[in-house]
Amino acid sequence: MSSAQERFDFFFNTPNRYKVSSVYKWLEAINTPLKKAAEEEDSESVFRYKTILMRLYYDIGNYDKGALIGELLYSDEKKLDQNVKIKILETQDLIYKELQLYDKQLEVRREQKSLGLDVSLYDIYAELGLYRQAMMEYVISNKPELEKGDDKLYAAEYYNNLGSYLLKDGSVYTAYKDIRIAKSNIDQYLKNSDKASVAEFNKAVFLKGKIESNLGKCKMFQSKYAEAIPYLESGISASKAFDKGRYSKTTVDLWGSIAECYLEIGNLDIAGKYLDSIVDDQKTVKANVVNYNRLRADFYLRDSNPEAASLFFKKYVKLKDSIDYSSRKKQLLSLLVQFDLSNQKETIERQRLNIEKSKTEILEREKTIYLSVSALILCFISVLGLIIAYLRSTKNKRLIENQKRIIENSLVEKDSLLKEIHHRVKNNLQVVSSLLSIQTKNTKSKDAVNALEEGKSRVKAMALIHQKLYQNEDLSVIKMQEYIESLSASIQSVYKKKGFKIDLHINAATTELDVDRAIPIGLILNELISNSFKYAFDDHKDGNIYINLIKEEEQVLFEYIDDGVGLPEDFDVNVSGSMGMNLIRRLANQLRSSLNIDQDLQGVRFWFYFS
């Protein structure tokens with residue numbers, strides 16, 4: 001092999017290329033001709049050698065260096081021939097998967113499609129948490145093969161994957177139906193597996209374990225914890241047999257699910273043993289560390305050990321916050337907070353009841369002490385009993401104080417957690433807004449761009465609600481004056497660039513609303529202010545908008561006025577086909593009110609009362 005082309009073809013067309021020469025010998029062998037090709041300015045040879053080098057770095061686990069070489073190579077895309085392009089993209093796909101840069105991996109897959117390669121996207125969508133999209137892509141890619149014949153093994157794998165996507169998406173009952181179909185197919189395959197090879201039989205056994213573990217998870221999500229345990233244990237057995245006894249990520253994940261089931265049915269001993277098993281392999285299966293700390297916190301809460309529960313819960317939060325950017329991006333498209341707050345609330349309520357019980361007991365003891373004092377003159381024994389009762393009372397008071405401090409600390413942590421939830425929901429909505437912005441840039445249709453922009457504006461209006469909540473001391477209400485000012489300023493800033501000089505007059509200083517009422521009001525205002533800028537002041541760039549949100553006894557008046565051109569004379573809010581107007585009307589109905597429109601004055605007035 002003397003030429004770069006011969007080395008390139010041999011390297012990528014030989015599956016067992018490391019059988020004779022190790023990957024490190026390949027590295028040494030490639031560096032010399034690469035240097036020579038660079039000196040001779042032989043760019044085609046340089047491209048081929050660097051493509052080989054990129055794959056070598058992937059094979060030794062130096063993903064960052066491999067990714068850098070690939071990105072530099074593909075920056076000269078126009079100079080690369082088709083075969084080199086394909087190999088670079090294939091290696092980039094593998095590297096980005098290991099680095100969990102799923103957005104970049106998605107770009108690579110789309111580039112491969114543009115070159116005519118048969119690649120799928122569903123596995124990346126699943127990693128990003130877009131399970132519905134992943135399921136649709138999976139069906140499109142695999143259903144034709146399913147319909148070709150009666151391959152029970154393929155059908156079992158197909159329906160199990162569908163069920164897995166649905167299960168992750170929260171559609172438990174639909175997932176259960178598909179996984180039951182998968183179970184029926186794998187049972188039929190194993191029943192008639194006399195002619196199957198050893199490899200096919202082992203694959204079928206492992207697949208059956210995966211299917212039964214998914215059935216167990218369905219049962220678990222349906223709160224049928226006792227029924228779920230045998231299925232989950234079957235999944236562990238299959239996983240261990242297939243992996244030759246090693247503790248795989250699948251095994252440790254199923255240990256966690258079984259531990260959770262035993263926690264829910266109240267068997268803390270067995271739950272603790274499964275959690276101890278996870279600890280043994282915690283260093284090698286790092287993906288389960290976060291879930292382990294959540295389960296440990298739940299375990300100690302149920303075991304009446306709030307101090308240990310608090311310690312593991314803090315570890316859980318700390319580990320969640322230390323995840324790198326790429327993992328965080330993936331997780332922000334799904335649920336970010338999985339800790340079971342209801343268990344904490346129940347524990348606090350039990351502690352409160354215990355305190356009340358202790359207070360009652362103390363009152364009874366104090367009554368006994370009083371009677372003992374009254375009988376002091378009768379005998380010395382009564383005095384001694386009084387002293388003993390007093391000492392016990394003091395001890396109980398100290399216990400009450402300790403319990404009170406624990407409860408206060410728990411309430412502080414709860415408030416912090418609620419603020420963190422609102423903060424993260426706001427961040428989630430900002431990520432959605434950013435994704436809509438990216439989609440807008442890649443969309444050529446003007447109508448589609450306008451629809452995406454309107455959607456982005458509505459998402460921002462909801463995000464602002466959650467921002468105001470986590471910034472407030474009181475998490476139950478939102479000061480509407482500040483919120484409307486922020487919302488209108490955000491919208492106004494977009495149209496100022498187009499020369500609009502509209503004065504907004506806001507009167508909502510005395511009104512505070514909870515989140516269930518603030519979100520509809522915010523969305524209504526978002527639609528009305530945007531419509532005013534787009535239609536009411538289209539011909540002239542100046543004018544006034546008046547927004548009133550006034551609390552009157554037990555009701556609140558919502559009033560929106562602009563002095564623009566007004567609505568068309570034949571406009572009917574009940575028959576309007578506008579999405580924005582339909583949305584406003586539905587939101588008003590959500591507030592148990594109906595929208596009123598006055599067009600007699602200059603401009604237009606929208607108003608309604610709600611409680």
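**Before starting.** The model is predicted: local features need pLDDT of at least 70, side-chain atom pairs count only at pLDDT 80 or more, and totals for chains, interfaces and linings use all residues. Residues are numbered from 1 along each chain as its sequence is written, and side-chain values use heavy atoms, with hydrogens and water left out.

**The whole chain.** Select the chain and display its secondary structure, which comes to 23 helices and 7 strands. Helices (H or I, at least four residues) and strands (E, at least two) are DSSP runs, numbered from the N terminus. Of the 611 residues, 44% are buried, where buried means under 20% relative accessible area, exposed over 50%, and partly exposed in between (1.4 Å probe, protein chains only).

**Helix α6.** Next, select residues 102–114, which form helix α6. The expected span of a helix is 1.5 Å times one less than its number of residues. For the 13 residues of α6 this gives 18 Å, and the end C-alpha atoms are 18 Å apart, which agrees.

Now highlight Tyr102, Gln105, Leu106, Val108, Arg109 and Gln112, which are buried in α6. Viewed down the axis of α6, the buried residues fall within an arc of 160 degrees, so they line one face of the helix; the arc is that of the directions from the helix axis to the C-beta atoms. On the other side of α6, Glu107 and Ser114 are exposed. Just after α6, select Gly116, which takes a positive phi of about 90 degrees.

**Asp93.** Move to helix α5 (residues 82–99) and select Asp93. Asp93 is buried, with a relative accessible area of 12%. Apart from neighbours within four places in sequence, Asp93 is in contact (heavy atoms within 4.5 Å) with Gln105, Val108 and Arg109.

**The nonpolar cores.** A nonpolar core is a set of buried Ala, Val, Leu, Ile, Met, Phe, Trp, Tyr and Cys residues joined through side-chain atoms within 4.5 Å. Select Met480, Ile521, Leu549 and Phe558, the residues with the most contacts inside the largest core, which has 40 residues. Elements giving two or more residues to this core include α21 (480–496), β4 (542–552) and β5 (555–562). Helix α22 gives the most to this core, with 9 residues.

Centre the view on Phe558, which touches, among others, Ile521, Leu549 and Trp607, not counting residues up to four places away in sequence. Finally, select Ala156, Tyr158, Ala204 and Ile211, which are included in a second, separate core of 32 residues.
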